[in-house]
Amino acid sequence: MGILEMEAGRISQPVQSAIVEDENGMEMDDNPIEEVRLTVPITDDPTEPALTIRTWVLGLISCCILSFVNQFFAYRQNQLSISSISAQILVLPIGKLMAATMPKTKIRVPFTRWSFSLNPGPFTLKEHVLITIFANCGAGGVYAVNIITIVKAFYHRSLHPVAAMLLAQTTQLLGYGWAGIFRRFLVDSPYMWWPANLVQVSLFRTLHEKEKREKGGHTRLQFFIMVFISSFAYYILPGYLFQSMSAISFVCWIWKDSVVVQQIGSGLNGFGIGSFGLDWSTVAAFLGSPLATPLFAILNILFGFFLFLYVLTPIAYWTNSYQARRFPLISSHTFDASGETYNISRILNQKTFDINLPEYNSYSKLYLSVTFAFLYGLSFATLMATISHVALFEGKTIWKLWRKTTYAVKDNLTDVHTRLMKKNYEAVPQWWFHAILILIVPLSIFACEGFGKELQLPWWGVMLACAIALFFTLPIGIIQATTNMQPGLNVITELVIGYIYPGKPLANVAFKTYGYISMAQALSLIGDFKLGHYMKIPPKSMFIVQLIGTIVASTCYFTTAWWLLSDIKHICNPALLPEGSPWTCPGDDVFYNASIIWGVVGPLRMFTNYGNYPQMNWFFLIGLLAPVPVWWLSRKFPEKKWLRLIHMPMILGATQGMPPAKAVHYICWGSVGIFFNWYVYNKHKQWWAKHTYILSAAMDAGVAFMAVLLYFALQSSDIIGPEWWGSEASDHCPLAHCPTAPGIMSEGCPVL
């Protein structure tokens with residue numbers, strides 16, 4: 001059925017409907033995906049204000065606050081990450097307050113014909129969506145900041161601030177080029193439906209429904225405020241006065257002199273048997289809020305955690321695989337053959353900052369703790385299992401949807417949402433994306449090749465990283481748009497540059513960032529475009545908000561990191577930090593050691609016969625085959641619906657956050673998740689539906705604001721807190737990190 005549409009004086013191309021039949025066999029003009037039909041409204045009011053002064057003010061404030069707070073927490077012992085949901089909930093009453101109180105004065109922008117009103121009317125859903133997109137930019141993180149951190153705080157080398165700023169900006173903006181190239185396939189097609197966006201659509205619709213306060217009850221906003229105040233006040237205990245509350249390992253209090261028992265009982269350096277924490281940041285710091293995680297995902301992750309930490313690790317450690325007992329049970333550090341921390345400065349040429357092979361050959365091969373070694377093996381397995389799982393369980397669906405997408409693009413076949421967007425709004429010109437790509441690629445090369453080549457990556461490395469990102473954006477985008485799963489390119493990029501250009505630590509991490517993050521950023525942008533597509537946001541407004549939000553967020557993350565790295569003495573060095581200082585940088589410590597493994601030493605000297613861990617390559621095959629039995633059983637017994645909930649990529653990748661996450665974090669996260677998403681969900685479903693996400697956002701926000709207040713009011717002036725047993729940011733298991741091999745000496749440990 002063809003229709004001819006008039007738009008602002010221009011004639012659009014004929015657009016065809018996606019015909020869907022309802023249960024009575026009648027044609028229904030709607031999206032072909034049932035979940036979308038049930039969730040996304042098919043109406044639009046193009047006169048509804050979107051990019052208003054409220055959008056700019058609340059959006060930029062949300063973006064800056066989330067950027068600052070998340071980077072602030074990134075360097076702390078418990079890395080709490082605040083999601084955009086907190087801003088999404090909080091800006092709604094503020095927006096309504098602004099609409100009720102601000103004057104309707106019109107202001108003209110000097111030297112232009114533009115003008116805007118301070119109060120364009122009631123606070124709208126479209127304003128709310130754009131503010132949340134701003135907040136998403138602030139909550140998303142800037143991966144390149146990890147590079148800046150390890151250069152300044154771990155390698156103790158200088159880095160030109162302009163080079164660092166360009167690195168942060170270009171790695172985030174490069175994805176706009178790929179997004180522009182593939183948006184017609186991944187956004188306009190009704191068959192690329194992006195399941196995660198339906199959660200956001202539902203939340204927006206819920207928040208904008210008129211809510212009446214029940215007698216004796218409270219509204220969502222009142223509940224948010226109550227929980228926020230409680231969380232804010234409580235966090236002064238685990239955040240300042242009694243930091244040991246974050247990880248309580250009572251087993252260690254009883255057996256103070258036993259290395260083995262402390263390894264069993266420690267929640268931070270051991271198996272965490274009997275360990276727990278009384279701190280929300282322990283629950284949500286590394287794994288995200290368990291309240292927002294589906295029960296099946298929690299169970300898969302806990303099962304993978306149990307298999308790894310309580311089956312594989314004890315067997316490997318107590319059989320002394322890979323000389324495991326010479327090193328700590330759980331550690332992200334690197335070691336030499338004698339069990340000492342690997343002296344990386346000994347094998348690095350300080351002038352050229354690359355590997356000194358004669359010194360390496362005369363010193364020692366690189367060793368890892370047994371948990372860290374197997375975590376790399378499991379990362380190989382997770383990558384292959386994701387590909388295998390998607391191919392087996394979703395392959396036919398993806399292929400059918402992709403064929404329909406190609407036909408839809410070729411024949412200009414659309415759904416009701418695309419037709420509404422084409423009818424009511426102008427599309428973003430393709431040249432906007434091309435202009436950004438043409439600008440950012442040379443700036444990326446300049447950041448790496450200029451400034452004395454501090455980042456080590458040559459121009460061809462940048463171009464190869466771009467080629468990898470460009471090649472994988474569409475296939476991985478199809479997977480994510482139809483299954484909500486995104487296979488990461490971090491392992492592939494590290495392997496490629498590690499073999500091609502070994503011995504260069506910063507070249508390795510820069511290549512990984514340009515190759516992996518530009519693709520991930522492109523898919524994040526496309527996902528936001530699809531959300532705007534569903535919510536009927538003017539595409540140009542969406543593009544402007546995404547672009548400005550990305551630039552502002554990258555700037556805030558960079559400046560916050562640069563300030564903290566310059567202001568806090570001995571940041572990221574627990575050995576030199578004051579007792580009880582939270583600035584231990586656990587995530588950056590892992591990133592630093594990864595740069596040694598993949599960059600300095602390289603995969604050739606780690607995962608082949610030249611190194612200690614060639615057997616880890618078998619995990620590629622293990623991961624590829626792992627989903628096959630589950631897939632076969634699900635086809636053999638289709639009535640057993642629970643079989644399809646066994647998710648091998650999730651099980652194999654369950655412990656990818658470990659370290660920096662430790663046993664106590666998984667135990668607390670899983671316990672809280674099961675309580676709310678099984679017990680409360682089944683026993684008090686109405687309460688769960690109304691309050692769970694609000695509770696999660698309020699707990700996050702309370703902890704974040706108190707932590708920032710404590711820093712500026714007390715900790716920035718070196719007022720660490722009362723000196724007593726509970727002020728230590730540890731679980732009081734000092735022997736849990738000790739080696740158990742005979743004759744190995746380690747500071748603070750008995751020699752067995």
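Tutor: A salt bridge here is a side-chain nitrogen of Lys or Arg within 4 Å of a carboxyl oxygen of Asp or Glu. The model is predicted, so local features need pLDDT of at least 70 and side-chain atom pairs count only at pLDDT 80 or more, while totals for chains, interfaces and linings use all residues. Residues are numbered from 1 along each chain as its sequence is written, and side-chain values use heavy atoms, with hydrogens and water left out.

Student: How many salt bridges does the structure hold?

Tutor: Side chains of opposite charge can pair when their charged atoms come close. Under the cut-off stated above, the number of salt bridges in the structure is seven.

Student: Which side chain meets Glu-127 in a salt bridge?

Tutor: The N to O distance of this pair is 2.9 Å. Glu-127 lies in helix H4 (residues 125-139) and its partner in helix H2 (residues 53-74), so the pair ties together parts that are 73 residues apart in sequence. Helices are DSSP runs (H or I, at least four residues) numbered from the N terminus. The partner of Glu-127 is Arg-54.

Student: Is Arg-54 buried or exposed?

Tutor: Buried means under 20% relative accessible area, exposed over 50%, and partly exposed in between (1.4 Å probe, protein chains only). Arg-54 has 0% relative accessibility, and Glu-127 also counts as buried at 0%. Arg-54 is therefore buried.

Student: Which residue forms a salt bridge with Lys-512?

Tutor: The closest N and O atoms of the pair are 2.8 Å apart. Lys-512 belongs to helix H22 (residues 505-535) and the partner to helix H21 (residues 490-500), 18 residues apart.

Student: Where is Ile-254 placed, and what is its relative accessibility?

Tutor: Ile-254 is in helix H11. Ile-254 counts as exposed, and its relative accessibility is 54%.

Note on methods. Helices (H or I, at least four residues) and strands (E, at least two) are DSSP runs, numbered from the N terminus.
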